[in-house]
Amino acid sequence: MALSAGLQLRQSQSLVMTPQLMQSIRLLQFSHVELTRFIEQEVERNPLLELVTPETESADAIADAPDERPEPNVVAMDMGEDAAWAGSAESQAERMRSEIDGRYENVFPDDHGVERVDAPEFIDNWKSMPGSDGGHASEGYDLDDFAARAPTLRDHVAEQIAFAFFDPAERLIATELADQLDAAGYVTGELDETTERLGADPEQVDAVLARLQDFEPAGIFARSLSECLALQLARKDRLDPAMAALVGNLELLARRDFSALTRICGVDEEDLLEMMAEIRALDPKPGTRFETGSSEMIVPDVSVRPASDGGWTIELNPDTLPRVLVNQTYFTTVTGKMAKNAAGQDFLSECLQTANWLARSLDQRARTIMKVASEIVRQQDAFLLHGVDHLRPLNLKSVAEAIGMHESTVSRVTSNKYMITPRGVFELKYFFTVSIASAQAGGDAHSAESVRHRIRVLVEQEAPEAVLSDDDLVDLLKQAGIEIARRTVAKYREALAIPSSVQRRREKRARARAAAV
């Protein structure tokens with residue numbers, strides 16, 4: 001068969017992911033903080049983009065507002081408007097001084113005959129402060145600028161080192177160990193490496209560490225959780241041999257192996273439960289009480305509140321919707337001056353296209369969030385009215401079909417977006433849960449989150465003499481119309497950190513005996 005070259009026409013359709021389309025998809029899944037950072041970067045790169053903020057809106061409103069100053073005194077009109085305004089203010093101040101006896105001699109009666117001396121440097125500083133009468137009253141100032149910064153763990157430890165160690169060698173070792181503290185207050189480095197690096201005596205390093213472990217808060221400079229708890233118990237004079245044995249076997253405590261712990265510690269179950277209560281009252285991460293950095297506060301993207309007609313009012317939070325404007329005037333002016341500069345005109349045309357795209361994308365993003373949030377509220381109306389027990393099972397497909405969008409779009413919209421409701425603040429993904437079949441024929445399915453809530457309530461309400469096993473929970477849920485397997489109940493119980501029925505029965509009986517005594 002001979003090979004030959006030929007031309008053929010073929011028609012086909014394909015979806016091409018342009019860079020702008022990919023960026024639009026990214027905008028959907030951006031959180032409020034990520035979107036704000038992205039827009040700020042675009043505004044820096046694009047001279048045609050302007051970010052509209054509440055400050056700029058208020059400044060524009062003040063600039064556009066008419067002058068509402070009172071009319072000057074008619075007698076002073078010949079002096080000009082400014083002079084009349086000043087004269088009116090001076091006369092008003094003189095009248096106030098005559099009516100209110102607020103002279104310097106009356107404020108400081110013991111300073112008669114003492115010449116009053118002003119401090120011009122402080123007066124100038126006050127006049128230059130934002131919000132003072134020195135010319136910046138319209139800008140205002142933030143009181144947080146004058147607040148002291150919260151001390152960090154490193155600052156707190158450094159202050160104690162300065163007063164506890166006077167020998168230069170010991171202070172150097174203490175500073176090196178302080179640099180090895182993590183956010184929880186534990187020493188992360190190896191003492192042998194620290195000793196070798198500093199060329200110090202191992203006994204001296206151990207002695208310095210022992211003194212550092214006496215610092216506040218109790219438990220810092222520990223090398224393990226057991227040591228951290230032991231330091232706090234020793235500070236309370238509660239580290240007896242039985243407690244030391246319990247702290248040294250935390251893995252058995254995590255498994256709630258009470259029989260092994262009572263044998264190792266040499267105590268009965270009642271004493272063991274009291275010791276466990278003391279350990280629960282300790283702080284396993286003493287360093288976290290200090291500020292280690294800035295935390296980002298959750299800002300709801302959607303607000304839901306009851307409406308007067310019995311429905312729900314759904315609104316987008318304007319604080320999470322950055323507004324950008326395209327400066328067409330600047331584009332027209334600069335383009336006219338660059339009539340002969342082809343490269344400059346191409347750059348401006350590209351900037352205009354990007355700016356228009358960003359404005360449209362932000363508007364479409366807001367509309368998409370509103371559609372998804374409205375459908376979630378419509379389907380989860382019972383949850384908003386009655387609580388988590390009435391949370392319906394919901395998946396992405398049902399919402400996507402209801403609003404005519406793809407599942408991937410709904411998934412991106414619900415990522416890192418929050419809704420404030422009368423029940424609290426929830427991530428949009430919270431409302432999407434697995435469906436659990438009903439035990440009754442034709443009954444409504446149940447949400448996995450509502451089933452977990454029912455299990456928690458049942459366990460909290462059980463009596464010490466009638467602790468519910470997993471089989472008992474299955475029967476009670478079936479009576480409530482929930483068809484669920486025993487292994488699923490066990491999985492949900494473990495996810496809720498609820499011990500087994502044997503462990504709960506042992507704890508509750510011991511607590512009942514202790515309460516009776």
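Trainee: Is alanine 497 buried or exposed, and what is its relative accessible area?
Mentor: This is a predicted model, in which local features need pLDDT of at least 70, side-chain atom pairs count only at pLDDT 80 or more, and totals for chains, interfaces and linings use all residues. Residues are numbered from 1 along each chain as its sequence is written, and side-chain values use heavy atoms, leaving out hydrogens and water. Buried means under 20% relative accessible area, exposed over 50% and partly exposed in between, with a 1.4 Å probe and protein chains only. Alanine 497 is therefore exposed, at 66%.

Trainee: Where does alanine 497 lie?
Mentor: Its phi is near 60°, a positive value in a residue other than glycine. Most residues other than glycine have a negative phi. Helices (H or I, at least four residues) and strands (E, at least two) are DSSP runs numbered from the N terminus. By that numbering, alanine 497 lies in the loop between α23 (486–495) and α24 (501–516).

Trainee: What is the relative accessible area of asparagine 416?
Mentor: Asparagine 416 also needs a look at its backbone, with a positive phi of about 60° although it is not a glycine. The residue is found in the loop between α20 (407–413) and β5 (418–421). Asparagine 416 is partly exposed, and its value is 34%.

Trainee: Which residue stands opposite isoleucine 420?
Mentor: Two strands pair if DSSP finds at least two bridges between them. β2 (residues 302–306) and β5 pair in the parallel sense over 2 bridges. Opposite isoleucine 420 of β5 stands serine 303.

Trainee: Which residue of β6 stands opposite methionine 419?
Mentor: β5 and β6 (residues 424–427) pair in the antiparallel sense over 4 bridges. A hairpin joins the two strands through 2 residues. In this pairing, methionine 419 stands opposite phenylalanine 426.

Trainee: What is omega for the cis peptide bond that joins glutamate 216 and proline 217?
Mentor: Most peptide bonds are trans. Proline 217 is in the loop between α10 (202–212) and α11 (225–235). For its cis bond with glutamate 216, omega is about 0°.
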